[in-house]
Amino acid sequence: MLVSAAEMLKKAKAGKYAVGQFNINNLEWTKAILQTAQECNSPVILGVSEGAGKYMCGFTTVAAMVSAMVEELGITVPVALHLDHGSYEGAKKCINAGFSSIMFDGSHYPIEENIEKTKELAAACHVLGLSLEAEVGSIGGEEDGVVGMGECADPKECKMVADLGVDMLAAGIGNIHGKYPANWAGLSFETLEAISKEVGDMPLVLHGGTGIPADQIKRAISLGVAKINVNTECQLAFQEATREYIEAGKDLQGKGFDPRKLLAPGTEAIKAMVKTKMELFGSVGKA
């Protein structure tokens with residue numbers, strides 16, 4: 001059974017650890033992440049971008065697949081299915097499709113419009129027992145066509161959005177989607193501290209978790225980050241392991257690649273990466 005992310009993140013913030021959100025793109029990734037969460041006895045959030053949802057035949061298909069896999073695999077740890085960087089219309093579609101958690105990314109709107117749309121979606125989500133994530137200050141890089149320069153959020157605006165009744169807040173603190181450039185200045189802990197003071201007990205979300213040094217991850221958690229998103233690192237792990245398999249020429253006596261065997265190395269690489277991240281975030285044994 002899929003659950004809201006609200007309770008797991010409240011526990012994470014109180015316990016000074018973070019729950020990992022790992023984005024999924026197909027059945028194999030989903031299975032690998034769920035099995036690793038169960039093995040680590042860790043709560044987990046499965047993230048789905050609008051592009052990935054479209055690729056996987058729509059949000060209703062994704063929700064049905066994940067729900068069925070949780071049951072068939074005997075997963076007992078808390079699992080939330082979460083829309084990542086959702087548009088206003090995308091958020092509504094996922095609410096109706098059976099997702100248990102929604103992110104509405106209104107950071108590209110003027111703050112007044114962001115507040116208006118976030119408030120409406122918060123009311124809809126809470127009637128249904130779903131959790132809602134909002135964003136203030138765009139995240140650097142590009143994800144599904146959403147481009148951000150890595151601006152730091154205004155702490156006062158963060159409080160305005162947090163007071164709307166959302167369950168978690170993504171605030172830009174210099175973090176970037178994708179690989180971090182060599183000249184990246186690092187996370188702005190001054191901004192994070194100011195935001196934490198403004199929003200109080202609100203769990204904070206760190207997007208762009210790939211490539212952030214471990215010491216910065218741990219410091220961010222100590223300052224109120226309770227959810228950390230990882231996507232690019234899943235892609236890189238899967239890509240590299242699959243490439244090595246193909247280059248090794250394991251093609252079943254010239255009969256062509258068995259897709260199950262072709263995807264297996266990448267799947268195992270994702271399992272290892274997810275376990276490493278859960279250990280870093282401190283969520284192992286916290287289910």
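Author: What follows is a set of questions and answers on a predicted model.

Reader: Why is H82 called buried?

Author: Buried means under 20% relative accessible area. H82 has a relative accessible area of 0%, so the residue falls under that cut-off and counts as buried. H82 is placed in strand 3.

Reader: Which residues does H82 touch?

Author: Not counting residues up to four places away in sequence, H82 touches Q21, I45, L46, G47, V48, F99, S101, I102, M103, E133, M168 and K227. Y55 lies 27 residues from H82 along the chain, and their C-alpha atoms are separated by 16 Å.

Reader: What makes the phi of H85 worth a remark?

Author: Most residues other than glycine have a negative phi. In H85, which is not glycine, phi is near 50°, a positive value. H85 is found in the loop between strand 3 (79–84) and helix 5 (88–97).

Reader: Is H85 buried or exposed?

Author: The relative accessibility of H85 is 8%. Buried means under 20%, therefore H85 counts as buried.

Reader: Which phi does N41 have, and where does N41 lie?

Author: N41 is not a glycine, yet its phi is positive, about 50°. This residue lies in the loop between helix 2 and strand 2 (44–49).

Reader: Why is N41 called partly exposed?

Author: Partly exposed covers values between the 20% limit for buried and the 50% limit for exposed. N41 has a relative accessibility of 35%, so N41 counts as partly exposed.

Reader: How do you know that V284 is partly exposed?

Author: The reasoning uses the limits of 20% and 50% again. V284 has 37% relative accessibility, which lies in between, so V284 counts as partly exposed. V284 is found in the segment after helix 11 (259–281).

Reader: Which residues is V284 in contact with?

Author: Leaving aside neighbours within four places in sequence, V284 is in contact with C40, N41, S42, M278 and E279. V284 and V19 are 265 residues apart in sequence, and 9.3 Å apart in space from C-alpha to C-alpha.

Reader: Why does D167 count as buried?

Author: D167 has a relative accessible area of 16%. Since buried means under 20%, D167 is buried. D167 is found in the loop between helix 7 and strand 8.

Reader: What is D167 in contact with?

Author: Apart from neighbours within four places in sequence, D167 is in contact with A6, H126, L130, S131, L132, M202 and P203. One of these, H126, is 41 residues from D167 in sequence and 9.5 Å from D167 in space, C-alpha to C-alpha.

Reader: How do helix 7 and helix 8 cross?

Author: The axes of helix 7 (residues 155–162) and helix 8 (residues 189–199) come within 9 Å and cross at roughly 35°. The crossing is right-handed.

Reader: Which residues meet there?

Author: From helix 7, P155, K156, C158, K159 and A162 meet A194, I195, E198 and V199 of helix 8. By class, the residues of this contact are six nonpolar, no polar and three charged.

Reader: How do you know where empty space is left?

Author: A probe the size of a water molecule is rolled over the atoms, and this shows where empty space is left.

Reader: What makes a space a cavity, and how many are there?

Author: In a cavity, a 1.4 Å probe fits but cannot get out. A search of the whole structure finds one cavity of 30 Å³ or more. The largest cavity has a volume of about 30 Å³.

Reader: What lines the largest cavity?

Author: The lining of the largest cavity is made up of L169, A171, I173, L192, L204, V205 and V225. Strand 8 (168–171) and strand 9 (204–206) are the elements that give two or more residues to this lining. Its classes are seven nonpolar, no polar and no charged residues.

Reader: What lines the second largest pocket?

Author: A pocket, unlike a cavity, is an open set of points. The second largest pocket holds about 150 Å³ of space. Its lining includes L27, E28, K31 and Q35, and also P259, R260 and L263. Helix 2 (27–40) and helix 11 each supply at least two lining residues, and the largest share, seven residues, comes from helix 11. By class, the lining has four nonpolar, two polar and five charged residues.

Key. Residues numbered from 1 in each chain as written. Predicted model: local features only at pLDDT ≥ 70, side-chain atom pairs only at ≥ 80, totals over all residues. Heavy atoms only, no water. 1 Å grid on protein atoms, 1.4 Å probe; cavity = no way out; pocket = protein on both sides within 12 Å on 5 of 7 lines; lining within 4 Å. Points joined across faces, edges and corners; volume = space filled by probe spheres on them. Helix = DSSP H or I, 4+ residues; strand = E, 2+ residues; numbered from the N terminus. Nonpolar A, V, L, I, M, F, W, Y, C, P; charged D, E, K, R; others polar. Buried < 20%, exposed > 50% of the residue type's maximum accessible area, 1.4 Å probe, protein only. Contact = heavy atoms within 4.5 Å. Axes fitted to C-alpha atoms, helices over the stretch in contact; angles between N-to-C directions. Left-handed = near helix turned anticlockwise from the far one by under 90°.
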